[in-house]
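Thanks for coming. I will go through one model today, starting at the ligand and ending at the sheet.

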Amino acid sequence: MIYLDYAATTPVPRAVADAMYEVLTCRFGNPSSQYPMGLEMKKRVEGWRRTVADALGCEAKYLHFTSCGTEGDNWAVAAACWQNRRLGKHIVTTAVEHSAVLEACRWMERQGCEVTYLMPDRSGRIAAEQVLEAVRPDTALVSVMMVNNELGTVYPIEAIARGLAAKNPKTLFHTDAVQGFLEVPFAAGKLGADFVAVSAHKIGGPKGCGALYIGPRVRNPRPLLAGGGQEDGLRAGTEATAQIAGFAKAVELRRQGLEEKLAHLRDLRAYAAETLSAIPDLTVVGDGQAPHILAASLAGWPSQNIVNDLGSQGICISAGSACHQGRPSHVVAALGLPRRAAGGVIRLSFGPETTRADVDACAEALRRHHDQRMPML
Ligand code: PLP
């Protein structure tokens with residue numbers, strides 16, 4: 001199998017699975033239990049929190065484990081609107097956010113909020129000025145993702161945060177950094193964002209685990225789950241110790257030789273862009289700067305057919321976000337591409353294990369698809 005869909009999810013290295021197995025079978029205590037095995041687990045959870053917080057560039061006390069990136073995004077949107085409920089009911093976000101943010105905003109609309117969805121230009125970019133212009137005195141929340149999961153576009157989070165602080169300091173700022181964590185450099189504590197959501201399974205950790213940075217400007221954050229007081233009373237529920245252990249181990253592993261890994265990804269992305277561009281009717285879509293994501297379009301050939309054809313040959317790529325399940329992507333729609341180009345958008349995404357030979361095999365399969373199948377769009 002040739003796996004070129006790391007933005008959807010990543011394989012778990014043996015050492016991560018081993019760390020989880022040990023916690024599941026030997027160190028299975030509940031961190032709230034008062035005997036030594038429970039107390040030890042409490043200590044370990046705090047150690048794992050420090051590991052993830054250190055990689056995220058923030059103090060451990062601001063980092064809360066969640067069940068996934070989606071949960072972090074949902075929590076951030078709800079908590080920001082709650083804190084600023086007296087300031088106003090206006091939200092600024094983008095039309096290219098992951099559905100974890102978009103659907104949370106739509107829910108807030110049903111609760112009486114007004115949401116401004118900013119459109120990108122044809123290459124997927126949204127400028128900081130565009131975001132700041134949309135901010136009003138009654139804007140409770142601005143939510144802009146760090147890296148787009150379908151295009152690899154990197155958004156100007158620091159510039160937005162600086163501008164917000166000058167224009168409307170009470171507005172809270174959330175960034176979905178699920179595709180940015182350990183892919184592009186940033187430090188949550190210095191970014192100027194009040195919320196930063198990340199997910200374990202995009203970096204070699206297990207599915208079903210994430211974290212949300214909640215910065216000091218969020219006073220008395222609204223708890224996500226009420227109950228036994230875990231996660232500082234903000235997200236109750238017995239800690240998912242094995243998942244958290246796996247998350248921390250994955251972070252540790254990913255940080256080893258991180259610069260070389262990122263250089264490898266950048267090289268692969270450039271190589272893939274060049275190799276794929278040699279295929280007739282194929283163009284690179286967007287000007288994504290993230291090292292691990294490349295979007296391209298085989299104009300005229302429906303992307304779902306491409307994905308199915310390559311899939312049947314053991315090559316895994318995506319027709320946009322894995323979360324769309326066959327529906328047309330809202331991200332591609334927002335680019336305003338011509339119909340034939342929009343219908344043929346595919347995404348390749350890379351991980352540290354990906355090789356140039358993987359890219360070559362994918363390019364050959366795409367060329368065959370182009371040569372042997374009739375265009376249908
Ligand atoms: N945000 C972005 C940008 C993503 O790419 C994803 C997953 O694809 C998510 C949020 C959701 O993360 P999770 O799968 O952990 O819920």
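Which of the 13 residues around the ligand come nearest? They are Gly69, Thr70, Asp176, Ser199 and Lys202, where a residue counts as near if one of its heavy atoms lies within 4 Å.

Before the details, a word on the source. This is a predicted model, with local features needing pLDDT of at least 70, side-chain atom pairs counting only at pLDDT 80 or more, and totals for chains, interfaces and linings using all residues. Residues are numbered from 1 along each chain as its sequence is written, and side-chain values use heavy atoms, with hydrogens and water left out.

Now the polar contacts, meaning pairs of N or O atoms within 3.5 Å. For Gly69, a backbone N or O atom lies 2.8 Å from an oxygen atom of the ligand. Alone, the ligand exposes 390 Å², of which the protein buries 91%; areas are Shrake-Rupley with a 1.4 Å probe.

Helix α3, residues 69–83, gives the most to the shell, three residues. Helices are DSSP runs of H or I, at least four residues, and strands are runs of E, at least two, numbered from the N terminus.

On to the sheet. It is open, with seven strands in the order β2-β8-β7-β6-β5-β3-β4 and mixed pairing; pairing takes at least two DSSP bridges. β2 (63–66) and β4 (114–118) are at the edges with a single partner strand each, so one side of each has no neighbour in the sheet. Inside the order, β5 (139–143) and β6 (172–176) pair in parallel over three bridges, with Val142 opposite Phe173 in β6.

Notes
Polar contact = N/O pair within 3.5 Å; in protein donor to acceptor, adjacent residues only side chain to side chain.
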